[in-house]
Amino acid sequence: MVEETGLDERLADLAADGRLGAVPLAAEQIRARGDRRRRRRRAARASGGVLLAAAVVVGGLSLVRPGPEPTAADPNPSTSAPLFVPPTPAPGEEYAAELGYVYGAVALDGRRVRVTVQQLRDERGTAVPTGVVHELTLPAVTPVEVRDLAGGKPGDLRLEEVVDRLRTGPRWAFALDYDGEGRVQSLREAHWLTVE
């Protein structure tokens, strides 16, 4: 107990010495500190306004700037094959899907696989070709969700594991999941479609 009393007295002495050594700020110092803070705030607002104005000018110039020069148009345009446009996700959606037969798979360099996609539309559960055919080069590790392609056993594989089964002509229908940047993220076997 004696030591505790000595410690308490020592702490009380230190606190008293600290109070004696602390000098309160003078009114002028308080005003000067407030003025510095106010100047910093004004400078920050002004620079923010300048940045906003610069962003508006740059944005306006990018809208007004002429686009790329048009290329020479094909004098005999082909109207038989519609152009492919990658689907984009709807607002609030992570992916957009394209239905299509996936075939003609070729392993390119061990890291990529090229496939042909014949676009389909779903008419009451039946796969109907739209006439759009395009090629995609995908990473060999692209996830593929299969069922019938794997003999009726649902599972997840990589594209490189099903290349041999996708070499032939249009037979297997898939939903290709595209992200917001137009990249295929996965393939899902469209086993719910009746293929004609």
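Modeller: Accessible areas come from the Shrake-Rupley method with a 1.4 Å probe; for residues, only the protein chains shown count as cover. This is a predicted model: local features need pLDDT of at least 70, side-chain atom pairs count only at pLDDT 80 or more, and totals for chains, interfaces and linings use all residues. Residues are numbered from 1 along each chain as its sequence is written, and side-chain values use heavy atoms, leaving out hydrogens and water.

Colleague: What percentage of the residues in the protein chain is buried?

Modeller: Buried means under 20% relative accessible area, exposed over 50%, and partly exposed in between (1.4 Å probe, protein chains only). The protein chain has 196 residues. The buried share is 23%.

Colleague: In what order do the elements of the protein chain run?

Modeller: Helices (H or I, at least four residues) and strands (E, at least two) are DSSP runs, numbered from the N terminus. The protein chain has 2 helices and 8 strands. From the N terminus on, the order is α-α-β-β-β-β-β-β-β-β.

Colleague: Which strands are the edge strands?

Modeller: Two strands pair if DSSP finds at least two bridges between them. The 8 strands form an open sheet with mixed pairing, in the order β5-β4-β7-β6-β1-β2-β3-β8. Two strands each pair on one side only: β5 (155-158) and β8 (194-195).

Colleague: Which residue in the turn between β6 and β7 has a positive phi?

Modeller: β6 and β7 pair in the antiparallel sense over 5 bridges. Asp177 stands opposite Ser186 in β7. The two strands form a hairpin with 5 residues between them. The positive phi, about 80°, belongs to Gly182.

Colleague: What is the bridge partner of Val144 in β7?

Modeller: β4 pairs with strand β7 (residues 184-189) in the parallel sense. That pairing has 2 bridges. The β7 partner of Val144 is Leu187.

Colleague: Is Thr142 buried or exposed?

Modeller: Thr142 lies in the loop between β3 (126-139) and β4 (143-146). Contact means heavy atoms within 4.5 Å. Leaving aside neighbours within four places in sequence, Thr142 is in contact with Leu157, Arg158, Leu159, Gln185, Ser186 and Leu187. At 4% relative accessibility, Thr142 counts as buried.

Colleague: Which residue has its backbone oxygen 2.7 Å from a polar atom of the Thr142 side chain?

Modeller: A polar contact is a pair of N or O atoms within 3.5 Å; within protein, one must be able to donate a hydrogen and the other to accept it, and residues adjacent in sequence count only if both atoms are side-chain atoms. The backbone oxygen that lies 2.7 Å from the Thr142 side chain belongs to Pro139.

Colleague: With which residue does Asp35 form a salt bridge?

Modeller: A salt bridge is a side-chain nitrogen of Lys or Arg within 4 Å of a carboxyl oxygen of Asp or Glu. Asp35 is found in helix α2 (residues 27-64) and is partly exposed at 31% relative accessibility. With the closest N and O atoms 3.2 Å apart, the partner is Arg38.

Colleague: How many salt bridges does this rule count?

Modeller: Glu123 and Arg121 meet in one (2.7 Å, N to O), as do Glu160 and Arg158 (2.8 Å). Asp109, Arg111 and Arg112 are linked in a network. The count comes to 11.

Colleague: What is the accessible area of the nonpolar patch that includes Leu11?

Modeller: Patches are made of residues with over 30% relative accessible area and no salt bridge: like charges are joined within 9 Å, nonpolar side chains (Val, Leu, Ile, Met, Phe, Trp, Tyr) within 5 Å. Leu11 is found in helix α1 (residues 2-21) and is partly exposed, with a relative accessible area of 49%. Leu7, Leu11 and Leu14 form the patch, and together they have about 290 Å².
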